[in-house]
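Visitor: I would like to learn how to read a structure like this one. Please take me through it feature by feature.

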Amino acid sequence: MTAVVRTPLPALTAHPARLVILDRDGVINHDSDAYIKSVAEWVPIPGSLEAIVRLSQAGFRVVIATNQSGVARGLLSLHTLHEIHATLQQMIATMGGQIAGIFYCPHGPQTGCRCRKPLPGLFEQIQAHFAVNLHGVAAVGDALRDLQCAAAMHCQPILVRTGKGQQTLARLGGAPSCTRLVFNPCPDEPSTTRRSARVFDDLAAVADELLHAALVSGVP
Ligand SMILES: [Mg+2]
Ligand SMILES: [Zn+2]
């Protein structure tokens with residue numbers, strides 16, 4: 001008889017700086033292939049705002065890093081993007097939480113900017129702004145490029161099944177119910193060593209584990 005040896009999944013760890021980085025569309029709000037172009041189209045995923053509030057009340061600085069190429073594509077103005085973000089921040093504030101920062105890339109894929117994920121520009125801005133090394137910080141997204149950006153900065157890559165998450169899982173060969181996903185961290189180098197991401201149902205489930213990790217590890 002062969003015993004099935006299962007490697008236990010490494011638990012998420014709470015970074016000493018209590019920073020957590022979230023993608024926006026598909027993680028906090030429902031995504032749309034037609035882009036989110038107005039405050040009216042910005043609809044939170046159930047439980048996501050509460051998750052942000054719980055993290056923030058536990059002392060986590062919740063930071064958003066989001067590609068918003070709809071701006072470059074002329075689908076929404078920077079003014080509307082700021083309106084959407086002001087609405088999000090207001091909703092969180094009303095619920096007793098806080099968003100520490102929203103960092104976005106307004107460029108299109110052709111611009112050659114450094115801030116469009118999977119490139120690490122937004123994460124570098126966050127690192128500089130908070131003067132925190134992002135190594136080990138939890139970074140949550142629903143697309144491969146979120147995971148690749150996280151890997152580039154040595155964050156803990158986390159995939160949620162909301163938004164394009166299920167699609168991302170399927171494309172990378174992950175079983176629908178898997179809790180760990182192996183991916184190629186370098187978009188242009190097929191041969192690089194694979195990295196692995198933890199997989200959660202949604203942001204609420206990520207918050208549960210992060211809060212638990214902070215509690216047991218006694219992160220200040
Ligand atoms: Mg997304
Ligand atoms: Zn950019």
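**Reading a helix**

Guide: Helix α2 (residues 78–94) has 17 residues, which at 1.5 Å a residue should span 24 Å, and its end C-alpha atoms are 24 Å apart, so the two values agree. The expected span is 1.5 Å times one less than the number of residues. Helices (H or I, at least four residues) and strands (E, at least two) are DSSP runs, numbered from the N terminus. This is a predicted model, in which local features need pLDDT of at least 70 and side-chain atom pairs count only at pLDDT 80 or more, while totals for chains, interfaces and linings use all residues. Residues are numbered from 1 along each chain as its sequence is written, and chains are lettered from A and ligands numbered from 1 in the order in which they are written.

Visitor: Which residues of α2 are buried?

Guide: A residue is buried if 20 or more other C-beta atoms lie within 10 Å of its own, exposed if 12 or fewer, and partly exposed in between, with C-beta atoms placed from the backbone. In α2, Ile84, Leu88 and Ile92 are buried. Seen down the axis of α2, the buried residues fall within an arc of 70°, so they line one face of the helix. The arc is that of the directions from the helix axis to the C-beta atoms. His79, His82, Ala86, Gln90 and Thr94 are exposed on the other side of α2.

Visitor: What covers the buried residues of α2?

Guide: The cover includes α1 (48–57). Just after α2, glycine 96 takes a positive phi of about 95°.

Visitor: Where is isoleucine 126 found, and what does this residue touch?

Guide: Isoleucine 126 is in helix α3 and counts as buried because it has 24 C-beta neighbours inside 10 Å. Two residues are in contact if their C-beta atoms, placed from the backbone, lie within 7 Å. Leaving out residues up to four places away in sequence, isoleucine 126 touches Ile21, Val63, Ala65, Gly101, Phe103 and Leu134. Phenylalanine 103 is 23 residues from isoleucine 126 in sequence, and the two are 7.5 Å apart in space, C-alpha to C-alpha.

Visitor: Is alanine 131 buried or exposed?

Guide: Alanine 131 is exposed, because 7 other C-beta atoms lie within 10 Å. Alanine 131 sits in the loop between α3 and β4 (138–141), and has a positive phi of about 50° although it is not a glycine.

Visitor: Which residues does a cis peptide bond join?

Guide: Lysine 117 and proline 118 are joined by one, with omega about 20°. Proline 118 belongs to the loop between β3 (101–105) and α3 (121–130).
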